[in-house]
Amino acid sequence: MRLLNIRKLFTSRKYWTIPYVVFAALFVILPLILIVFFAFTDEEGNFTLANFSKFMAHPEAVNTFIYSIGIAIVNTLICILLGYPAAYILSRMKSGYAQTVVMLFVLPMWVNILIRTLATVALFDFLRLPLGEGALIFGMVYNYIPFMIYPIYNTLMKMDHSYVEAAQDLGATPFQVFVKTIFPLSMPGVASGVLMVFMPTISTFAIAELLTINNIKLFGTTIQENINNSMWNYGAALSLIMLFLIGASTLFASDEASDKEEGGSLW
(Lines give C-alpha, C1' and ligand atoms only; values in the text may rest on other atoms or scores of the structure.)
Protein backbone atom coordinates (compact mmCIF):
# COMPACT_ATOMS: atom_id res chain seq x y z
CA MET A 1 0.00 0.00 0.00
CA ARG A 2 2.85 2.34 0.89
CA LEU A 3 4.63 1.55 -2.40
CA LEU A 4 1.38 2.30 -4.24
CA ASN A 5 1.11 5.71 -2.56
CA ILE A 6 4.74 6.54 -3.39
CA ARG A 7 4.21 5.53 -7.01
CA LYS A 8 1.06 7.67 -7.14
CA LEU A 9 3.04 10.60 -5.69
CA PHE A 10 5.60 10.44 -8.49
CA THR A 11 3.22 9.65 -11.35
CA SER A 12 0.40 12.12 -10.66
CA ARG A 13 1.02 15.47 -12.31
CA LYS A 14 -0.73 17.50 -9.64
CA TYR A 15 1.80 16.40 -7.02
CA TRP A 16 4.64 17.83 -9.12
CA THR A 17 3.23 21.30 -8.50
CA ILE A 18 3.76 21.03 -4.73
CA PRO A 19 7.41 22.30 -4.77
CA TYR A 20 6.39 25.28 -6.91
CA VAL A 21 3.46 26.09 -4.62
CA VAL A 22 5.73 25.93 -1.55
CA PHE A 23 8.36 28.10 -3.25
CA ALA A 24 5.79 30.69 -4.34
CA ALA A 25 4.24 30.76 -0.86
CA LEU A 26 7.58 31.29 0.91
CA PHE A 27 9.38 33.61 -1.50
CA VAL A 28 6.56 35.46 -3.33
CA ILE A 29 3.30 35.52 -1.40
CA LEU A 30 4.74 35.79 2.12
CA PRO A 31 7.11 38.69 1.28
CA LEU A 32 4.22 40.56 -0.41
CA ILE A 33 2.04 40.06 2.66
CA LEU A 34 4.83 41.39 4.88
CA ILE A 35 5.30 44.43 2.63
CA VAL A 36 1.57 45.23 2.79
CA PHE A 37 1.51 44.69 6.57
CA PHE A 38 4.48 46.96 7.28
CA ALA A 39 3.28 49.59 4.79
CA PHE A 40 -0.06 50.05 6.58
CA THR A 41 1.23 49.86 10.17
CA ASP A 42 3.43 51.95 12.43
CA GLU A 43 6.28 50.80 14.66
CA GLU A 44 3.77 49.60 17.29
CA GLY A 45 1.84 47.55 14.71
CA ASN A 46 -1.18 49.88 14.59
CA PHE A 47 -2.98 50.56 11.32
CA THR A 48 -1.99 53.87 9.76
CA LEU A 49 -1.68 55.73 6.47
CA ALA A 50 1.09 57.93 7.80
CA ASN A 51 3.74 56.14 5.75
CA PHE A 52 2.07 57.15 2.49
CA SER A 53 1.31 60.68 3.67
CA LYS A 54 4.99 60.98 4.66
CA PHE A 55 5.96 60.12 1.10
CA MET A 56 3.59 62.73 -0.34
CA ALA A 57 4.80 65.34 2.16
CA HIS A 58 8.49 64.94 1.22
CA PRO A 59 9.24 66.63 -2.12
CA GLU A 60 12.64 64.94 -2.26
CA ALA A 61 11.09 61.45 -2.25
CA VAL A 62 8.46 62.43 -4.83
CA ASN A 63 11.08 64.06 -7.06
CA THR A 64 13.28 60.96 -6.78
CA PHE A 65 10.31 58.81 -7.77
CA ILE A 66 9.52 60.99 -10.80
CA TYR A 67 13.19 61.16 -11.78
CA SER A 68 13.48 57.36 -11.59
CA ILE A 69 10.48 57.00 -13.91
CA GLY A 70 12.14 59.42 -16.33
CA ILE A 71 15.42 57.48 -16.28
CA ALA A 72 13.50 54.22 -16.82
CA ILE A 73 11.63 55.70 -19.79
CA VAL A 74 14.85 57.05 -21.35
CA ASN A 75 16.61 53.73 -20.84
CA THR A 76 13.69 51.80 -22.31
CA LEU A 77 13.47 54.05 -25.37
CA ILE A 78 17.21 53.79 -26.04
CA CYS A 79 17.06 50.01 -25.66
CA ILE A 80 14.19 49.90 -28.19
CA LEU A 81 16.03 52.14 -30.66
CA LEU A 82 19.19 50.04 -30.41
CA GLY A 83 17.66 46.64 -29.72
CA TYR A 84 14.97 46.48 -32.39
CA PRO A 85 17.33 46.95 -35.39
CA ALA A 86 19.72 44.43 -33.85
CA ALA A 87 16.93 41.89 -33.35
CA TYR A 88 15.61 42.50 -36.87
CA ILE A 89 19.06 42.02 -38.44
CA LEU A 90 19.57 38.85 -36.40
CA SER A 91 16.21 37.48 -37.55
CA ARG A 92 17.32 37.95 -41.18
CA MET A 93 20.63 36.14 -40.70
CA LYS A 94 21.25 32.43 -41.13
CA SER A 95 20.30 30.49 -38.03
CA GLY A 96 23.85 29.44 -37.15
CA TYR A 97 25.29 32.95 -37.31
CA ALA A 98 22.25 34.45 -35.58
CA GLN A 99 22.45 32.02 -32.66
CA THR A 100 26.14 32.80 -32.23
CA VAL A 101 25.52 36.57 -32.14
CA VAL A 102 22.58 36.13 -29.76
CA MET A 103 24.85 34.12 -27.50
CA LEU A 104 27.36 36.99 -27.54
CA PHE A 105 24.60 39.35 -26.41
CA VAL A 106 23.48 36.97 -23.66
CA LEU A 107 26.99 36.00 -22.53
CA PRO A 108 27.58 39.10 -20.36
CA MET A 109 24.42 38.22 -18.43
CA TRP A 110 26.31 35.26 -16.99
CA VAL A 111 28.45 37.74 -15.08
CA ASN A 112 27.07 39.32 -11.92
CA ILE A 113 25.53 42.75 -12.50
CA LEU A 114 27.80 44.35 -9.88
CA ILE A 115 30.89 43.06 -11.67
CA ARG A 116 29.58 44.35 -14.99
CA THR A 117 28.87 47.74 -13.43
CA LEU A 118 32.32 47.92 -11.81
CA ALA A 119 33.81 47.09 -15.21
CA THR A 120 31.84 50.02 -16.65
CA VAL A 121 33.25 52.28 -13.93
CA ALA A 122 36.76 51.09 -14.81
CA LEU A 123 36.07 51.77 -18.51
CA PHE A 124 34.98 55.34 -17.78
CA ASP A 125 38.05 55.86 -15.60
CA PHE A 126 40.30 54.51 -18.35
CA LEU A 127 38.70 56.82 -20.92
CA ARG A 128 38.80 59.69 -18.38
CA LEU A 129 35.08 60.26 -18.75
CA PRO A 130 33.15 61.74 -15.83
CA LEU A 131 30.76 59.59 -13.84
CA GLY A 132 27.27 60.99 -13.65
CA GLU A 133 23.95 60.92 -15.46
CA GLY A 134 25.53 60.01 -18.80
CA ALA A 135 27.43 57.13 -17.22
CA LEU A 136 24.22 56.04 -15.46
CA ILE A 137 22.23 55.85 -18.71
CA PHE A 138 25.13 54.10 -20.47
CA GLY A 139 25.31 51.52 -17.68
CA MET A 140 21.57 50.98 -17.72
CA VAL A 141 21.52 50.43 -21.48
CA TYR A 142 24.54 48.13 -21.33
CA ASN A 143 23.01 45.99 -18.58
CA TYR A 144 19.45 45.76 -19.91
CA ILE A 145 19.64 45.88 -23.71
CA PRO A 146 19.89 42.05 -24.01
CA PHE A 147 16.49 41.87 -22.32
CA MET A 148 15.11 43.96 -25.17
CA ILE A 149 16.88 42.20 -28.03
CA TYR A 150 16.01 38.62 -27.19
CA PRO A 151 12.16 38.93 -26.86
CA ILE A 152 11.95 40.91 -30.10
CA TYR A 153 14.25 38.46 -31.89
CA ASN A 154 12.24 35.51 -30.59
CA THR A 155 8.96 37.09 -31.77
CA LEU A 156 10.37 37.90 -35.22
CA MET A 157 11.65 34.34 -35.62
CA LYS A 158 8.23 32.87 -34.75
CA MET A 159 6.33 35.29 -36.98
CA ASP A 160 4.26 33.80 -39.80
CA HIS A 161 6.13 34.95 -42.91
CA SER A 162 3.10 34.28 -45.10
CA TYR A 163 1.88 37.75 -44.08
CA VAL A 164 5.08 39.26 -45.47
CA GLU A 165 4.73 37.29 -48.69
CA ALA A 166 1.09 38.37 -49.03
CA ALA A 167 2.06 42.03 -48.56
CA GLN A 168 4.78 41.69 -51.19
CA ASP A 169 2.36 40.03 -53.61
CA LEU A 170 -0.03 42.94 -53.14
CA GLY A 171 2.67 45.33 -54.29
CA ALA A 172 3.86 46.73 -50.97
CA THR A 173 7.32 48.30 -50.91
CA PRO A 174 9.90 46.95 -48.44
CA PHE A 175 9.25 49.98 -46.20
CA GLN A 176 5.49 49.36 -46.27
CA VAL A 177 6.02 45.68 -45.55
CA PHE A 178 8.03 46.55 -42.46
CA VAL A 179 5.81 49.35 -41.16
CA LYS A 180 2.43 47.73 -41.82
CA THR A 181 3.23 44.04 -41.40
CA ILE A 182 6.46 43.17 -39.61
CA PHE A 183 6.44 45.91 -36.96
CA PRO A 184 2.81 45.38 -35.83
CA LEU A 185 3.34 41.62 -35.61
CA SER A 186 6.49 42.12 -33.51
CA MET A 187 4.75 44.29 -30.90
CA PRO A 188 4.27 41.42 -28.39
CA GLY A 189 8.06 41.04 -28.32
CA VAL A 190 8.49 44.79 -27.90
CA ALA A 191 5.98 44.79 -25.03
CA SER A 192 7.85 41.95 -23.31
CA GLY A 193 11.14 43.77 -23.78
CA VAL A 194 9.69 46.99 -22.35
CA LEU A 195 8.58 45.15 -19.21
CA MET A 196 11.93 43.40 -18.81
CA VAL A 197 13.79 46.71 -19.10
CA PHE A 198 11.45 49.23 -17.47
CA MET A 199 10.68 47.29 -14.30
CA PRO A 200 14.24 46.53 -13.12
CA THR A 201 15.37 50.05 -14.04
CA ILE A 202 12.79 51.50 -11.64
CA SER A 203 13.94 49.30 -8.75
CA THR A 204 17.71 49.25 -9.24
CA PHE A 205 20.06 51.07 -6.89
CA ALA A 206 23.53 49.52 -7.25
CA ILE A 207 24.07 50.81 -10.80
CA ALA A 208 23.16 54.35 -9.79
CA GLU A 209 25.39 54.28 -6.71
CA LEU A 210 28.45 53.01 -8.58
CA LEU A 211 28.12 55.01 -11.81
CA THR A 212 27.29 58.33 -10.16
CA ILE A 213 29.37 57.97 -6.96
CA ASN A 214 26.11 58.37 -5.01
CA ASN A 215 25.52 61.79 -6.54
CA ILE A 216 22.29 60.66 -8.23
CA LYS A 217 19.67 58.83 -6.21
CA LEU A 218 17.01 56.59 -7.74
CA PHE A 219 13.86 55.33 -6.05
CA GLY A 220 15.43 51.96 -5.37
CA THR A 221 18.22 53.71 -3.47
CA THR A 222 15.66 55.52 -1.32
CA ILE A 223 14.00 52.21 -0.42
CA GLN A 224 17.35 50.60 0.34
CA GLU A 225 18.41 53.47 2.60
CA ASN A 226 15.20 53.28 4.63
CA ILE A 227 15.44 49.52 5.02
CA ASN A 228 19.11 49.75 6.04
CA ASN A 229 18.19 52.40 8.63
CA SER A 230 15.56 50.03 10.09
CA MET A 231 12.70 52.24 8.86
CA TRP A 232 10.80 49.14 7.77
CA ASN A 233 7.33 50.70 7.67
CA TYR A 234 8.24 53.66 5.48
CA GLY A 235 10.48 51.49 3.29
CA ALA A 236 7.64 48.99 2.84
CA ALA A 237 5.28 51.81 1.84
CA LEU A 238 7.77 53.00 -0.78
CA SER A 239 8.14 49.41 -2.02
CA LEU A 240 4.37 49.08 -2.30
CA ILE A 241 4.16 52.30 -4.33
CA MET A 242 6.80 50.92 -6.67
CA LEU A 243 4.93 47.60 -6.92
CA PHE A 244 1.74 49.45 -7.89
CA LEU A 245 3.65 51.23 -10.65
CA ILE A 246 5.18 47.99 -11.90
CA GLY A 247 1.82 46.22 -11.76
CA ALA A 248 0.11 49.00 -13.69
CA SER A 249 2.81 48.98 -16.37
CA THR A 250 2.56 45.18 -16.60
CA LEU A 251 -1.21 45.27 -17.09
CA PHE A 252 -0.93 48.05 -19.66
CA ALA A 253 1.75 46.22 -21.65
CA SER A 254 -0.19 42.94 -21.45
CA ASP A 255 -3.33 44.63 -22.79
CA GLU A 256 -1.37 46.22 -25.64
CA ALA A 257 0.25 42.89 -26.54
CA SER A 258 -3.07 41.02 -26.46
CA ASP A 259 -4.67 43.65 -28.68
CA LYS A 260 -1.90 43.23 -31.25
CA GLU A 261 -2.15 39.43 -31.10
CA GLU A 262 -5.94 39.36 -31.40
CA GLY A 263 -6.16 41.31 -34.31
CA GLY A 264 -6.62 44.61 -35.69
CA SER A 265 -5.99 45.20 -39.32
CA LEU A 266 -2.41 45.31 -40.41
CA TRP A 267 -3.39 47.77 -43.05
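**Entry 1: Thr117**

I looked up the contacts of Thr117, taking contact as heavy atoms within 4.5 Å. Leaving aside neighbours within four places in sequence, I find Thr117 in contact with Asn143, Ile207, Leu210 and Leu211. Thr117 itself lies in helix α7; helices here are DSSP runs of H or I with at least four residues, strands are runs of E with at least two, and both are numbered from the N terminus. I noted Thr117 as buried, at a relative accessible area of 1%. Buried means under 20% relative accessible area, exposed over 50%, and partly exposed in between, with a 1.4 Å probe and protein chains only.

I note for the record that this is a predicted model, in which local features need pLDDT of at least 70 and side-chain atom pairs count only at pLDDT 80 or more, while totals for chains, interfaces and linings use all residues. Residues are numbered from 1 along each chain as its sequence is written, and side-chain values use heavy atoms, with hydrogens and water left out.

**Entry 2: overall make-up**

I counted elements next. The protein has 14 helices and zero strands. Of its 267 residues, 35% are buried. I also checked contacts between residues at least 6 apart in sequence: 73% of them join residues at least 24 apart.

**Entry 3: the nonpolar cores**

I use nonpolar core for a set of buried Ala, Val, Leu, Ile, Met, Phe, Trp, Tyr and Cys residues joined through side-chain atoms within 4.5 Å. Which residues touch the most other members of the largest core? Leu136, Ile152 and Ile182 do, in a core of 34 residues. At least two residues of this core come from each of α5 (59-92), α6 (95-106), α7 (113-126), α8 (133-158), α9 (162-169), α10 (174-185), α11 (187-203) and α12 (206-212). The most come from α8, which gives eleven residues.

Not counting residues up to four places away in sequence, Ile182 touches Tyr84, Tyr88, Leu156, Met159, Val164 and Val177. Apart from this core lies another, of 19 residues, among them Ala39, Ala61, Phe198 and Ala236.

**Entry 4: Ala236**

Ala236 lies in helix α14 (residues 232-262) and counts as buried at 5% relative accessibility. Not counting residues up to four places away in sequence, Ala236 touches Ile35, Phe38 and Ala39. I also looked up Phe52, which is 184 residues from Ala236 along the chain; their C-alpha atoms are separated by 9.9 Å.

**Entry 5: α8 against α11**

Two packed helices are described by the angle between their axes and the distance between the axes. Axes are lines fitted to C-alpha atoms, for helices over the stretch in contact, and angles run from 0 to 180 degrees between N-to-C directions. For α8 and α11 I read an angle of about 160°, with the axes 7 Å apart. The two helices are therefore roughly antiparallel, a label for angles over 145 degrees.

I listed the contact residues. On α8 they are Met140, Tyr144, Phe147, Met148, Pro151, Ile152 and Thr155, and on α11 they are Pro188, Gly189, Val190, Ser192, Gly193, Val194, Met196, Val197, Pro200 and Thr201. By class, the contact of α8 with α11 has twelve nonpolar, five polar and no charged residues. In this count Ala, Val, Leu, Ile, Met, Phe, Trp, Tyr, Cys and Pro are nonpolar, Asp, Glu, Lys and Arg are charged, and the others, Gly among them, are polar.

**Entry 6: α6 against α8**

I then checked α6 and α8, whose axes come within 10 Å and cross at roughly 155°. These helices are therefore roughly antiparallel to each other. Here α6 passes α8 in a left-handed crossing. The contact is formed by Ala98, Val102 and Phe105 of α6 with Pro146, Ile149, Tyr150 and Tyr153 of α8.

**Entry 7: positive phi**

I looked up two residues other than glycine with positive phi. Arg128 has phi near 60° and is found in the loop between α7 and α8. Arg128 counts as exposed at 77% relative accessibility. Asn214 has phi near 65° and lies in the loop between α12 and α13 (219-228). Asn214 is also exposed, with a relative accessible area of 56%.

Notes: Angles under 35 degrees count as roughly parallel, over 145 as roughly antiparallel, 65 to 115 as roughly perpendicular and the rest as oblique. A crossing is left-handed if the near helix is turned anticlockwise from the far one by less than a right angle, and right-handed if clockwise.
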